[in-house]
Amino acid sequence: MIDQSSSQAPMSEDRPETTRNRPVFSPPTDIYETEDALIVSMEMPGVEPDGVDVTLDKRVLTITGVGQSVEPEGYALSHAEYRAGDYERAFTLSENIDRDGIEAALRDGVLRLTLPKVKPAPAKTISVKAG
Amino acid sequence: MVLYRSGLDPWADPLATLQRIQNEVNRAFGGARPRTAPEFPPLNVWRGENGVIVVAEVPGVTLEDLEITVHQNTLTVRGRREPGVTEDRVTFHRREREFGAFARTLTLPFNVDPDQVRAQAHAGILTIELPRPEAEKPKRIEIRTA
């Protein structure tokens, strides 16, 4: 018998399993819109900047983060309220995003993405010449 | 009749008062643990011969936002999570992150010298090292045969 429950991602069932035996969390996220951008702010404690991967494929924005766990040497875990793990979330965007202008910043375990909206083309008046 | 008399102004944080009342009610009716959101920050406690290391997940919180106090064998971590919205006039699509004041208290298995406590925060992980003073370390007792 293999105990499946411990190796499964705690938050989603329809995702393929990861090769690493650690949980994949769906991190709490705020998404808000300003006049000219969409801001995504996501909590991923334990993730270093090089552990974050952000992709925008068509309209699907996928964010993954690989967390580092703190395991002090010579110490044994005696009380645990959280598990270190990885993070993954995907969103379908409705706005038209300027792909080249996307900015990502990771600070104190919070990822902040700025997705600038595509500015609508200014109205153009076409002058009609008399033939 | 239960009197709610604490040092705090009950109107300063009405939710805390409500929480306290709920806790009292829960305690009165069978003592079942209320299913509330887990406390923030979640703590992992590591024990070793030389002391205890407390590790907490504190995304978005820096050491400057934290107040860590040690009194005898009690460790208290207080702080505030500030929303990072700097722009005015925003429309929220999703609001899942939580903000506001938090406090956790932990009782340690030994008294700690506050001057020996070291804390660091990196990538949203807070690590507090609480070394065990020499006088508090367990002593091995030699057993001699008479």
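**View 1. Polar contacts between chain B and chain A.** In this predicted model, 22 residue pairs with both members at pLDDT 80 or more are in polar contact between chain B and chain A. A polar contact here is a pair of N or O atoms within 3.5 Å, where one must be able to donate a hydrogen and the other to accept it, and residues adjacent in sequence count only if both atoms are side-chain atoms. On chain B, strand 1 (43-48), strand 2 (51-57) and strand 5 (91-95) each give two or more residues to the side that touches chain A; strands are DSSP runs (E, at least two residues), numbered from the N terminus.

**View 2. How much gets covered.** Here 41 residues of chain B are in contact (heavy atoms within 4.5 Å) with 37 residues of chain A. Together the two chains bury about 3400 Å², with 53% of it on carbon and sulfur atoms; that is accessible area (1.4 Å probe) lost on being put together, summed over both. In chain B, B:Trp46, B:Arg94 and B:Arg97 lose the most area to chain A, together 21% of what that side buries.

**View 3. A salt bridge up close.** B:Glu96 and A:Arg89 join side chains in a salt bridge at 2.6 Å, N to O. Chain B and chain A have four salt bridges between them, each a side-chain nitrogen of Lys or Arg within 4 Å of a carboxyl oxygen of Asp or Glu.

**View 4. Strands running antiparallel.** Strand 6 of chain A (residues 75-80) is joined to strand 1 of chain B by five bridges, and the two run antiparallel. Look for A:Tyr75, whose bridge partner in that chain B strand is B:Gly48. Strands pair if DSSP finds at least two bridges between them.

**Notes.** Residues are numbered from 1 along each chain as its sequence is written, and chains are lettered from A in the order in which they are written. Local features need pLDDT of at least 70, side-chain atom pairs count only at pLDDT 80 or more, and totals for chains and interfaces use all residues, while side-chain values use heavy atoms, leaving out hydrogens and water.

How values were computed: Helices (H or I, at least four residues) and strands (E, at least two) are DSSP runs, numbered from the N terminus.
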